[in-house]
Amino acid sequence: MHRRNFLFQTAAGMAMVVSPGIWAATGIKPNSHSVLLVIDVQNCFIEGGTLPVKNGADVVPIINRLASAFDNIVITQDWHTPGHTSFASAHPGHKPFSTIKLSYGTQVLWPDHCVQGTRDAALDKDLKLPKAQLILRKGFHPSVDSYSAFEEADRKTTTGLAAYLKARGIDTVYIVGLATDFCVAWTALDARKAGFKAFVIEDATRAIDLNGSLAAAWKEMTAAGVRRIQSTDILGS
Ligand code: VGL
Ligand code: ZN
């Protein structure tokens with residue numbers, strides 16, 4: 001007997017094949033209202049840098065491949081002043097990877113990293129994103145950190161990214177880069193808060209994973225409606 005399949009787009013842009021009783025994801029299609037947000041793929045977060053994320057370099061070829069599926073690409077750079085408040089070295093007696101209370105809340109203290117204008121802060125040389133339309137720098141206020149590409153850690157100061165994306169008619173963000181549990185997660189959560197649909201492409205991210213931070217980040221992202229997908233969901237296998 002002939003069985004009919006119905007192919008249609010969901011609100012999230014995911015094509016679903018529906019045959020009697022079966023739902024299967026067959027692909028997620030970014031469109032002209034989507035942006036690929038490439039978070040902090042910088043020397044500092046890759047082997048040989050000042051705050052290396054394990055296997056951080058692995059995301060680069062995946063991101064380069066994903067780029068072909070997007071009309072809109074935005075890159076971010078963590079871009080700290082020397083002596084930035086997120087550096088343990090700015091707080092005598094405190095060690096990297098410990099936490100401290102600052103005026104805006106609890107801050108993880110990091111090794112000095114991604115200092116403005118240094119080679120360490122430059123984008124990874126193998127990242128090939130000639131189509132990227134904006135490079136947004138964040139974390140440049142000496143006394144406020146900014147994991148999120150949307151809003152600084154004081155939860156008051158905007159980077160302007162939500163307004164920029166909305167002015168350009170973008171309603172959906174696909175997030176990749178470093179690190180899954182810090183800048184990627186905070187960006188994804190703020191994207192939801194600002195009203196965007198948000199996908200994190202898991203295999204195009206790598207994590208720091210400090211005291212269970214990776215599991216906690218996925219839990220929070222999932223609860224906020226962030227969709228966890230793989231690059232093959234977009235590119236096929
Ligand atoms: C990041 C720690 C400190 C990140 C930035 O890009 O995830 N993590 N600064
Ligand atoms: Zn930083």
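**Close-up 1. A salt bridge between Lys138 and Asp40 in the predicted model.** Asp40 is buried, its relative accessible area being 0%, and this residue belongs to a structure that is a predicted model. The partner of Asp40 is Lys138, and the closest N and O atoms of the salt bridge between them are 2.9 Å apart. Because Lys138 is in strand 8 whereas Asp40 is in the loop between strand 4 (34–39) and helix 1 (59–66), the pair ties together parts that are 98 residues apart in sequence. Lys138 also counts as buried, with a relative accessibility of 1%. Side chains of opposite charge can pair when their charged atoms come close. In the whole structure, a search finds nine salt bridges, and the pair of Lys138 and Asp40 is one of the salt bridges formed.

**Close-up 2. The salt bridge of Asp126 with Lys125.** In this view Asp126 forms a salt bridge with Lys125, and the closest N and O atoms are 3.4 Å apart. Asp126 counts as partly exposed, at 40% relative accessibility, while Lys125 counts as exposed, at 66% relative accessibility.

Close-up 3. Asp190 and Lys193 both lie in helix 3, where three residues, or about one turn of the helix, separate them. They form a salt bridge whose closest N and O atoms are 3.9 Å apart. Asp190 counts as buried, with 5% relative accessibility, whereas Lys193 is exposed, with a relative accessible area of 58%. The pair is part of a network of salt bridges that links Glu151, Arg155, Asp190 and Lys193.

Close-up 4. Most residues other than glycine have a negative phi, and most peptide bonds are trans. Arg155, although not a glycine, has a positive phi of about 60°. Arg155 is placed in the loop between strand 8 (134–138) and helix 2 (161–167), and at 34% relative accessibility this residue counts as partly exposed. Asn211 is not a glycine either, yet has a positive phi of about 50°. The loop that holds Asn211 runs between strand 10 (197–206) and helix 4 (213–223), and Asn211 counts as exposed, with a relative accessibility of 78%. The peptide bond from Leu178 to Ala179 is cis, with omega near -10°, and Ala179 is found in the loop between strand 9 (172–178) and helix 3 (180–193).

**Close-up 5. The packing of helix 3 and helix 4.** Two packed helices are described by the angle between their axes and the distance between the axes. For helix 3 and helix 4, the angle is about 10° and the axes are 10 Å apart. Angles under 35 degrees count as roughly parallel, and helix 3 and helix 4 are therefore roughly parallel to each other. On the side of helix 3, Thr180, Asp181, Phe182, Ala185, Ala188 and Leu189 take part in the contact, and in helix 4 they meet Ser213, Leu214, Ala217, Trp218, Glu220 and Met221. The residues of this contact of helix 3 with helix 4 divide into eight nonpolar, two polar and two charged.

Methods: Residues numbered from 1 in each chain as written. Chains lettered and ligands numbered in written order. Predicted model: local features only at pLDDT ≥ 70, side-chain atom pairs only at ≥ 80, totals over all residues. Heavy atoms only, no water. Helix = DSSP H or I, 4+ residues; strand = E, 2+ residues; numbered from the N terminus. Buried < 20%, exposed > 50% of the residue type's maximum accessible area, 1.4 Å probe, protein only. Axes fitted to C-alpha atoms, helices over the stretch in contact; angles between N-to-C directions. Parallel < 35°, antiparallel > 145°, perpendicular 65-115°, else oblique. Contact = heavy atoms within 4.5 Å. Nonpolar A, V, L, I, M, F, W, Y, C, P; charged D, E, K, R; others polar. Salt bridge = Lys/Arg side-chain N within 4 Å of Asp/Glu carboxyl O.
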